[in-house]
Amino acid sequence: MSMSSREMGPSVTPEILSHLGLANKTAAWGTLGTLRTFLSFSVDKDVQRLLKAITGQGVDCGAIVEVLTNRSREQRQLISRAFQERTQQDLLKSLQAALSGNLEKIVVALLQPAAQFDAQELRTALKASDSAEDVTMEILATRTPPRLQECLAAYGHHKNMGGSQELDNFQVEAEDDIKSKTSGILRDLLLALAKGGRESYSGIIDYNLAEQDVQALWQDEGRSTQGPWVLILTQRNPKHLTRVFEQYRRRTGQELEEAVRTRFRGDARAALLSLASVIRNTPLYFADKLHRALQESEPNYQVLMRILISRSETDLLSIRAEFKKKFGKSLYSSLQDAVTGDCRSALLALCRAEDI
C-alpha cells in the first residue's frame with residue numbers, strides 16, 4: 001500500500017521545493033528524502049576509511065557517522081560486502097565491537113537491509129505489549145507493498161535479528177504473533193494491513209462506492225470486530241478514502257476521527273486514529289510522532305532512530321516541513337536541544353539541515 005506524501009492528504013511538496021529553488025524541477029530533485037545516492041561514491045575509499053576508524057588509535061566515531069549517514073542504504077550494503085571481501089571481517093560485528101549505546105544501535109540499523117530493520121522493529125513491538133499497537137501500525141500502514149512483503153518474509157525467516165549471536169529455536173510468522181498478542185478490532189486491522197491488499201488508485205472516482213462507504217461507517221455502531229471500519233480503512237485506496245472522509249463530514253457534521261473517539265475504546269480507538277492520520281497526511285503523522293518522542297522526559301531514541309532512518313530516503317523533507325508548520329520550530333533545532341550523547345551527530349546528520 002503506497003502511502004507517499006503525494007497521495008496522503010494535503011501535500012507540502014510544492015512549499016518545500018519552492019524553498020529549494022526546484023519547484024519546477026521535481027525530476028532533478030528525485031526524492032523528498034534527506035539522504036540520496038552519494039554521487040562520488042568509492043566503495044574502496046569507504047572501506048579503508050571505516051577500517052581506519054575502528055583500528056586506529058581510538059575509535060573515530062565522526063568518520064563512521066560521516067560515511068554511513070551520507071550513503072544510501074544500497075551503497076551501505078555494497079560497503080558491507082566489500083568490507084567482508086577485503087578484510088575477511090563482518091563490518092556490522094566490527095562496528096558493534098567498537099561502539100556502544102545509542103550510536104551502536106543507529107549504526108546497526110543503518111547497516112541492516114531495510115526489510116530486516118523493519119522486521120526487527122515489528123518483532124520487538126509485538127513482544128512488548130506497551131508498544132505493540134503504535135509501532136506495528138506505523139510499519140504496516142506506511143510501508144510500500146513490496147517493502148512490506150519483504151519485511152514480513154524477513155520476520156519469518158531471519159533468525160539472527162540485529163546482529164545478535166543468539167538464534168531463535170523456531171521461526172514465527174508475523175501473523176501468528178499478531179493473533180497471539182492482539183485481539184478484537186486491533187487484531188483485525190493489523191492482520192488486514194499485513195495482507196497488503198489495499199486497492200491501487202485507478203484514476204476513476206467512484207462516487208457511488210464513496211457514498212456506500214460513508215453510509216456503512218455512519219450506521220455501524222462499532223460493536224463488531226468484523227465490520228466496515230476494518231474493510232474500508234484497510235482496503236480502499238488513499239484517494240478514495242480522502243473523499244470518504246470529506247463526505248462523512250458533510251453527511252454527519254463531524255470528522256471521521258470524532259466518530260472513532262465516540263464509538264471505540266482502548267487499542268481499537270488508538271489504532272483507528274493512527275490509521276486515519278496516516279491516510280490524511282503521512283508526513284504529518286510522522287511529524288507528530290517525532291514531536292512526542294522529543295517531548296518525553298528522556299527522548300525516545302528508538303522512535304527517533306526508526307523514523308529518521310526509515311524515512312531518510314523517502315519523505316523526511318516533507319516531515320520536516322510539517323513539523324515546522326505545526327510546532328513552530330524546526331525538527332533540526334528540536335533535535336539539537338533535546339538529544340544528547342554519542343548518537344546526536346548521527347541523528348542530526350540524518351535530519352540534515354535547519355528549516356528557516
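What covers the buried residues of α6? Among the elements that do so are α3 (43-55), α4 (61-68), α5 (73-87) and α7 (101-111). The helices named here are DSSP runs (H or I, at least four residues), numbered from the N terminus.

The structure is a predicted model, in which local features need pLDDT of at least 70 and side-chain atom pairs count only at pLDDT 80 or more, whereas totals for chains, interfaces and linings use all residues. Residues are numbered from 1 along each chain as its sequence is written, and side-chain values use heavy atoms, with hydrogens and water left out.

In helix α6 (residues 91-98), the residues L91, L92, S94, L95 and Q96 are buried, a word for under 20% relative accessible area, with exposed meaning over 50% and partly exposed in between (1.4 Å probe, protein chains only). At the start of α6, the backbone nitrogen of L92 has a side-chain oxygen of D90 within 3.0 Å.

Q302 belongs to helix α19 (residues 301-311), and it counts as partly exposed because its relative accessibility is 30%. Leaving aside residues up to four places away in sequence, Q302 touches K105 and E121, where contact means heavy atoms within 4.5 Å.

| Pair | Distance |
|---|---|
| Q302 and N102 | 8.5 Å, C-alpha to C-alpha |
| Q302 and E121 | 2.7 Å, side-chain polar contact |

How values were computed
Helices (H or I, at least four residues) and strands (E, at least two) are DSSP runs, numbered from the N terminus. A polar contact is a pair of N or O atoms within 3.5 Å; within protein, one must be able to donate a hydrogen and the other to accept it, and residues adjacent in sequence count only if both atoms are side-chain atoms.
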